[in-house]
Amino acid sequence: PMPVRLSPETLDEIAASGVAVPTYDRAGITAGIVHFGVGGFHRAHQAMVIDRLLQRGEAREYGICGVGVLEQDRRMATAMAEQGGLYTLVLKHPDGTRESRVVGSIVEYLLAVDDPDAVVEKMAHPDTRIVSLTITEGGYNFDHVTGEFVADEPVVAADLRGDGPPRTVFGLVVEALRRRRDRGLDPFTVMSCDNIQGNGHVARSMFTAYARLQDPAFADWMDEHVAFPNSMVDRITPVTADEDRAWVRDELGIDDAWPVVAEPFFQWVLEDDHPAGRPPYQDADVQIVEDVEPYELMKLRLLNASHQGLCYFGYLSGYRYAHEATQDPAIATFLRRYMDEEGAPTLHPVPGIDLDEYESTLIERFQNPEVRDTLARLCAESSDRIPKWLLPVVRENLAAGRPVTLSAGIVASWARYDEGTDESGEPIEIVDRLAEPLHRIALTQREDRLAFIANRQVFGDLVDDERFVAAYRDALDGLIADGAHATVTRLSRS
């Protein structure tokens, strides 16, 4: 049979073929959430949550209006228009089974490039309670070193001057808040769902910094009246590949311009700070909490730091995918021991989470062969990631007199990777803001073992700590003399 083009008109036909579709009436849904950055992650995560609530007969005033800010969002705008906001979400289980569902929570989509005022008016409308964001870390426009808002970024500077209608998320959101205030409407909540520590704090400081450059009094009003809840989000969502589209077409019989694939695991921990109202998120497995930080630290120091623990050792051992590396018993044991012995001891109590189970689930997630997460992706931007995720673990453990052997091994594996050649002599492409200086330094460590960690810009004073230096030197000696696999094996047993 011919595949069926996905659209509101073909849902009955698709349902008849056995695929789960929205059984709620999409016609009467109010868009109470305006979302910037409709990509794979948003559609596998927040939009899925609203779809689940709608399916339960809840949250009908919290449908989603998606917004694209950039010209490159036109592809998504086209797919959304052609399919009435519908798309197929496919969850890939480790055993090869797949769970598919058509999601119906995105009821409108606007492209700011074409009509910025329509986007501003949508947010200024009394129905809008939440403006949510998945604009990536770069979208918040802060300086990597100082953390300050970058006011001279050209598009931002043009928005600040008011050279025409707003073209940035800052210009659009702040203008909508201003119109609400002028019309006597309560502000909406700005809800960051990006993978940044303290994402609500970051959003608050960047949006108010923008406003302050335009109108300090209005920035004060925002600080007093606008809520920016923190959240922690987690679901591995690879970029949709052509073979995913082909699978949806051939196996499900659905012609979908832009399906989404994701792992089955889902987590969303959200600070309870939505004065304008919010959907009953807790009915769809979202953890509503008073303080997100313990959950963030858990994710950063167990999940994210473990990604660094497997990527360099894995790559140097000849693997190219996360699942291949983690299916190696030596690497899996190394990661589990890092989590238990070095990562977990630095965490605050995490209410509602069984850490032992969380750690086991992480190993299973990393081993999922269906997700095809590349080690190259995990090895990128190390100079941003290691100082944020792993070095705080090292410093806390050193201060408390606890072991740092495995963490030092991870740092050494990064140093060896940054030499830029793998163990068979093939070149490694180092993707990092500091790729050039780090590579230069790494090339000198055959003579001077401590050269890499002597870089105080990245490592602070760790090179002055005898315990760290001894563990680091031991691991790097092993990497150079015996190779990555022998070294990770030895460390996993130490």
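**Entry 1: the second largest pocket**

I sorted the lining of the second largest pocket by residue type and got five nonpolar, four polar and four charged residues. For this sorting, Ala, Val, Leu, Ile, Met, Phe, Trp, Tyr, Cys and Pro count as nonpolar, Asp, Glu, Lys and Arg as charged, and the others, Gly among them, as polar. A note to myself: this is a predicted model, where local features need pLDDT of at least 70, side-chain atom pairs count only at pLDDT 80 or more, and totals for chains, interfaces and linings use all residues. Residues are numbered from 1 along each chain as its sequence is written, and side-chain values use heavy atoms, with hydrogens and water left out.

How much space lies in the second largest pocket? I found about 280 Å³. The lining has 13 residues, and His144, Val145, Ser383, Asp384 and Arg433 are the closest to the pocket's centre. Helix H16 (382-389) and helix H20 (456-459) each give at least two lining residues. The largest share, four residues, comes from H16.

I wrote down the terms here. On a 1 Å grid over the protein atoms alone, a pocket is an open set of points with protein on both sides within 12 Å along at least five of seven lines, while a cavity is a set where a 1.4 Å probe fits but cannot get out; lining residues have an atom within 4 Å of a point. Grid points are joined across faces, edges and corners, and a volume is the space filled by probe spheres set on the points. Helices (H or I, at least four residues) and strands (E, at least two) are DSSP runs, numbered from the N terminus.

**Entry 2: cavities**

The whole structure has four cavities of 30 Å³ or more. The largest cavity has a volume of about 60 Å³. Its lining includes Asp194, Ser231, Glu296 and Lys299, and S9 and H11 each supply at least two of the lining residues. I counted that lining as four nonpolar, three polar and three charged residues.

The second largest cavity holds about 50 Å³. Among the residues lining it are His307, His323, Arg365 and Asp373. Helix H12 (322-326) and helix H14 (355-366) are the elements that give two or more residues to this lining.

**Entry 3: the sheet S9-S12-S13**

I then traced an open sheet of three strands, in the order S9-S12-S13, with mixed pairing. Two strands pair if DSSP finds at least two bridges between them. Strand S9 (231-234) and strand S13 (287-289) are at the edges with a single partner strand each, so one side of each has no neighbour in the sheet. On average, neighbouring strands are turned by 15 degrees against each other, direction ignored.

In which sense do S9 and strand S12 (residues 267-271) pair? They pair in the antiparallel sense over four bridges. I also spotted Asp234 opposite Gln267 in S12. Helix H11 (residues 293-316) lies across S9, S12 and S13 and runs at about 35 degrees to S9. Contact means heavy atoms within 4.5 Å, and angles run from 0 to 180 degrees between N-to-C directions, with axes fitted as lines to C-alpha atoms, for helices over the stretch in contact.

**Entry 4: the sheet S5-S4-S11**

Another open sheet of three strands has the order S5-S4-S11, again with mixed pairing. Strand S5 (98-103) and strand S11 (260-262) stand at its edges, each with a single partner strand, so one side of each lacks a neighbour in the sheet. Strand S4 (residues 87-92) pairs with S11 in the parallel sense over three bridges, and I found Leu89 opposite Val260 in S11. Helix H3 (residues 46-55) packs on this sheet, touching S4 and S5, at about 75 degrees to S5. Helix H10 (residues 242-252) packs on the sheet too, touching S4, S5 and S11, at about 100 degrees to S4.

**Entry 5: aromatic pairs**

My search of the whole structure gave 14 aromatic pairs. One of them, Phe313 and Phe334, is edge-to-face, at 5.3 Å centre to centre with 75 degrees between the planes. Phe313 lies in helix H11 and Phe334 in helix H13 (residues 329-343), so this pair ties together parts that are 21 residues apart in sequence. Rings of Phe, Tyr and Trp (its six-membered ring) pair if their centres lie within 6.5 Å; planes under 30 degrees apart count as stacked, over 60 as edge-to-face and the rest as tilted.
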